[in-house]
Amino acid sequence: MSRVAHHTAEELADLKHRAPLLRLDGVTKTFPGVKALDDVSFDVRHGEVHALLGENGAGKSTLMKVLAGVHRANSGTIHLNGEPVEVNSPLEAKARGIVLVHQELSLAPELSVAENIFLGSLPTKRFGLVSWKRLNAAATHILDRLGVKFESYDRVGDLSIANQQMVEIARALVFTPKVVVFDEPTASLTDAEKVVLFDVIAGLKKEGTGIVYISHRMDEIFTLSDRITVLRDGQTRGTLNTRDTDEDGVTRLMIGRSLDKSARKAAPEPGPVALEVKGLSCGDLFRDISFSLRRGEVVGMYGLVGAGRTEIAETIFGLRAKDGGEIRIDGAPVDISGPPDAIRHGVALAPESRKEQGLVLGMNCRDNMSLSQLDAVSRGGWLDRGAEQAIYDEYAGRLSLKAPSWRTPVRNLSGGNQQKVVLGKWLGVKPRVLIVDEPTRGIDVGSKSEIHALIRRLAAEGIAVLVISSEMPEVLAVSDRILALYHGRLAREFAAADVTEDALVQAISGL
Amino acid sequence: MADTLASLRRYMVIPPIWLFLLACVAFFSVLTDDFLAPGNFTNILIQTSTIGIIALGMTVVMINGNIDLSVGAVVALAASLSVGLQDQLGTLPAVVVGLGSGVALGLLNGMIVWKTGVDAFIVTLGAMIGVRGLVFIYTGEQSFFAMDFAYSDFGMSTIAGLPTLAAIFLVFAAIMHWVMTATVHGRNAYAVGGNREAAEHAGVRVGRHMVINFMLVGFCAALAGVTLSTQMGASTPNLGRDYELWTITAVVLGGTKLAGGAGSILGTLGGVLTIGVLRNGMNLMQVPAFYVLVVMGVILIAVLFIDARVNRRGAGELRL
Amino acid sequence: MTKLDIQSGQAAPRLGVPDRDALRETLQKQGILIAFALFLVGFSLMSDRFASWDNVSTVFRQVSIIGTMALGVTVVVITGNLDLSVGSLLSFATVLVVDLHDQIGPAPAILVMFAATLLIGCVNGLLVGYGRLNSLIVTLGMLSAIQGLTLIYSGGQNVDIADQEGTWFAVFGRGFLLGLAVPTLIFLGLAVAFHVMLTRTSFGRRVFAVGGNPTASAFSGVRRARVVFSAYVLSAFTTACAAVILGSRVMGSQNNVGQGYELLVLSGVILGGASLLGGSGSIPKTVIGVLILGFIQNGLLLMGYPYYAQWLVTWVVIILAVWLDVASKRGAFFTRTS
């Protein structure tokens with residue numbers, strides 16, 4: 001991770017005096033009813049990695065899209081090399097040397113790697129014919145630089161997600177860009193691939209390219225960046241020299257105060273075992289997983305993406321067919337062949353992806369909450385609106401949900417409030433076991449600690465809670481015990497009292 | 001060299017429907033005497049040429065991520081115009097007007113889909129109803145008969161032993177295959193269908209490609225209308241009814257995805273021929289025509305079913 | 001607004017300024033109603049006969065078949081699927097009920113026809129719901145297969161009822177009750193039932209949830225397959241009801257009597273504002289959508305335009321209606337696509 005050397009003091013001094021390559025002044029962008037960007041100003045210099053930090057909804061992606069020409073700013077100016085420029089379309093942005101490496105993959109699966117890299121500018125012969133020779137040669141040249149293990153003529157749909165991400169990065173390098181905007185580029189990369197990416201970024205720096213690097217991961221930002229600009233509520237909250245600050249300083253800018261690291265107040269008295277899993281296996285996703293959850297305790301499940309965490313939860317919830325092992329609820333073996341069975345046995349799952357799996361976005365808050373318990377709020381198939389309203393009122397209150405009204409479609413809520421609707425939906429069924437998968441992904445820092453406190457409170461009320469997370473601070477903050485997963489196997493189990501960060505990292509890395 | 005070979009792969013991929021087609025051919029060859037008789041294959045080609053020509057255009061539009069339900073109505077419009085205007089304009093100009101009407105409607109459909117952002121399914125559903133109305137109003141609900149015998153002779157003529165209509169279909173298929181595999185327009189059609197937003201951001205002129213493809217399918221439908229009316233020596237206002245459904249069936253059998261981004265002309269050719277072979281073979285086996293409809297429906301669903309099973313991701317799949 | 005607000009200056013800028021967001025929202029939600037009202041006013045001004053009770057009740061009677069079918073199709077569309085098989089299913093059901101009428105009597109004929117039609121609906125539902133296959137293609141295949149079944153059953157012959165005056169079967173298509181045509185009553189009665197079902201029952205909620213987000217619904221314990229299956233059975237049910245009206249009105253049936261109905265019915269549903277993506281739509285609006293189709297036909301005929309002019313107008317109206325809907329959500333009339 002530390003392949004990119006930090007600048008020496010002289011270099012830093014030099015950097016300060018360099019003229020900005022790209023400068024934004026007072027950029028404002030409003031959507032109907034929302035001011036997404038409010039007077040945003042920042043600049044990127046030649047050969048600088050400028051990290052852009054902010055929680056979801058802070059305006060990062062809007063800013064990025066303004067830069068890349070997807071959105072037009074309502075007011076403000078963009079200067080490139082001192083010249084005021086207008087960026088009215090992604091094409092124009094590209095022509096001016098500003099390229100964006102998307103977080104969501106923006107590839108055409110049926111086309112070859114080379115065709116994707118040169119999408120929109122395929123080299124041609126006569127009659128609009130594609131020149132495959134020139135295309136593949138040019139693509140191979142770029143791929144060599146990235147040191148990838150696939151060929152320019154491979155079909156993109158056949159590549160792994162990580163390799164597709166590399167194609168996405170390759171695409172940015174086509175036109176010797178002046179400014180590259182990376183949006184969470186490492187989200188699906190392995191450590192080895194990250195190293196390659198960081199090398200590429202170092203190379204770009206050396207060539208004088210300006211880099212805007214958007215990420216949630218503090219370690220990456222502190223490894224890579226020269227300066228950090230923090231966005232909050234669509235406004236720039238300040239720009240810091242990376243060398244002169246630390247995580248706390250950045251966090252303070254992001255939320256306006258330091259984050260309370262521990263939501264846990266006191267070690268609770270664990271109750272009887274609510275959920276017991278014995279030798280659970282599912283294909284090559286995970287093997288021989290055994291653990292138990294007691295009432296009143298919070299167990300963290302920690303591991304890398306792809307270690308099988310979500311899949312274990314989905315299997316317990318009946319969304320996957322297990323091919324071995326046993327699940328016991330309150331001591332009795334149960335057969336769960338789908339979510340309705342799971343719900344009947346008192347198991348609830350707040351899934352990883354709120355928007356895809358957790359909520360019907362166009363539906364209002366109340367109806368989303370009662371969706372998991374339609375049988376309970378209806379008599380002979382007739383909905384009892386009073387009962388629905390009662391559930392909504394109770395859990396909106398208990399979770400301090402901030403929604404204009406129960407009629408508001410959940411689409412219009414912030415990430416934190418959406419997560420509360422998901423939790424409310426599951427608390428309504430009075431679960432014995434609550435599994436929460438990445439409970440604070442994409443939620444602003446302030447709401448994070450609120451959700452953590454909530455999880456502890458639910459445990460205190462006697463629910464057995466399993467928290468799946470890829471964020472170590474989160475696992476450490478809420479858990480009584482921690483299960484470390486490595487490659488679909490349970491690597492180690494820790495008690496919260498005697499776990500260290502190093503041991504945890506080792507356990508999930510198979511060491 | 002390796003690059004050239006690799007690039008060649010895209011021309012060489014054989015869509016699975018051809019295996020099924022081969023099986024059908026083998027089946028009917030064994031069970032009927034006449035299936036392999038000389039002339040039967042050209043029969044099949046003539047019978048399928050109408051749907052086939054439309055299917056070529058439909059493939060392009062569907063790869064592009066759209067659909068065109070108005071092709072059947074365009075068939076009737078082009079046929080009525082090119083037969084009905086012969087007296088006033090002369091045969092060739094009338095045919096040009098007929099073909100032009102298809103291109104013009106394609107342009108209209110394409111522009112509406114592009115500029116308004118309304119789903120192509122809805123835009124062309126509207127056009128299907130409206131254009132059919134236009135045909136009825138123009139024809140006064142009458143059939144037209146071609147007085148120029150050269151016109152109806154054309155439908156029966158041959159080129160080098162191959163019926164002209166079959167030749168038109170095959171030549172057109174070859175051209176479209178080439179357009180989709182070797183030209184920037186064709187490759188961009190895949191890109192737009194596979195990931196429209198990405199294509200847009202990469203500077204692909206999405207709207208222009210869509211309009212061109214709608215004009216292409218409009219031309220194909222009009223051409224099919226003309227060839228069909230040369231076969232019959234006449235046009236009727238009800239010509240081409242349900243053709244949109246048959247065309248989509250052939251294209252989907254050929255492996256083109258409704259969602260766009262995937263598919264091939266080669267596959268569509270296989271799909272069209274499969275339908276032709278099945279109809280012809282069952283006819284030779286003296287299965288009543290009614291049963292053919294049932295068999296076609298069942299095969300369409302079966303192909304979809306098999307495709308879904310083959311492409312299912314096994315253990316990665318959630319039980320939803 | 002209280003005095004205090006005005007004094008503090010907060011409310012002042014808003015006074016007299018129309019709330020554009022609210023206006024947009026109203027247009028977006030009630031656009032179809034406004035269009036409908038404009039149509040009615042326009043036609044009434046251009047033809048004095050248009051607004052008469054006789055004429056209006058005629059229109060209702062005329063749209064009752066398509067309207068009845070549209071109720072079931074609306075449920076299918078809300079689940080995010082299509083049903084293109086209803087046209088040939090209508091042919092099938094009508095041929096069956098008319099043919100059986102003289103053989104086994106009206107009541108058994110209706111029973112057998114409902115059973116057979118619902119069975120076909122079950123096949124649709126099994127394939128799309130439990131088989132998770134693309135609904136457009138499945139129902140396209142079924143369209144063809146049912147057409148074949150109809151022809152096989154009838155041997156390609158048209159069917160009719162011998163004693164057209166003496167059978168009580170005539171009541172469904174030709175009868176009147178309390179001054180209203182029975183087809184109209186069936187249509188509106190079913191519309192009310194379907195509306196109540198979609199808005200007041202847990203099944204209705206599940207229909208919207210499955211259409212809005214099938215994955216999240218499954219994660220919430222909703223049995224997606226069962227809901228989609230039921231939607232197709234309901235669609236077959238309304239088509240069977242329409243077949244009773246049609247068979248009774250015509251007292252006979254051609255083999256292809258329902259040809260093209262699937263897309264007309266779908267037009268009505270789309271005019272009513274249901275999105276093909278699923279999760280939205282409503283029965284009252286579908287009824288209005290179907291009525292618009294009916295009033296276009298009726299109004300244009302009254303004004304002396306040729307019969308098929310209605311199809312041209314339908315073309316324009318469908319695209320305009322959906323365009324307005326799309327444009328109001330986008331906040332701009334045209335896309336920015338290059």
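Predicted model: local features only at pLDDT ≥ 70, side-chain atom pairs only at ≥ 80, totals over all residues.
Residues are numbered from 1 along each chain as its sequence is written, and chains are lettered from A in the order in which they are written. Local features need pLDDT of at least 70 and side-chain atom pairs count only at pLDDT 80 or more, while totals for chains, interfaces and linings use all residues; side-chain values use heavy atoms, leaving out hydrogens and water.

Chain A is assigned domain 1 (1-97 + 177-257), domain 2 (107-176), domain 3 (270-346 + 431-511) and domain 4 (361-430), with bounds from an automatic or database domain assignment. The centres of domain 2 and domain 3 of chain A, taken over C-alpha atoms, are 41 Å apart.

Helices here are DSSP runs of H or I with at least four residues, numbered from the N terminus.

B:W178 sits in helix α9 (residues 164-182) of chain B and is partly exposed at 39% relative accessibility. A negative patch is formed by A:D219, A:D246, A:E247 and A:D248. Patch residues have over 30% relative accessible area and no salt bridge, with like charges joined within 9 Å and nonpolar side chains within 5 Å; a salt bridge is a side-chain nitrogen of Lys or Arg within 4 Å of a carboxyl oxygen of Asp or Glu. A:D248 belongs to helix α9 (residues 247-255) of chain A and is partly exposed, with a relative accessible area of 40%.

Definitions and conventions: Areas by Shrake-Rupley, 256 points an atom, 1.4 Å probe, with all protein chains shown as cover. Lys, Arg positive; Asp, Glu negative; His and termini not counted. Charge placed at Lys NZ, Arg CZ, Asp CG, Glu CD. Helix = DSSP H or I, 4+ residues; strand = E, 2+ residues; numbered from the N terminus. Buried < 20%, exposed > 50% of the residue type's maximum accessible area, 1.4 Å probe, protein only.
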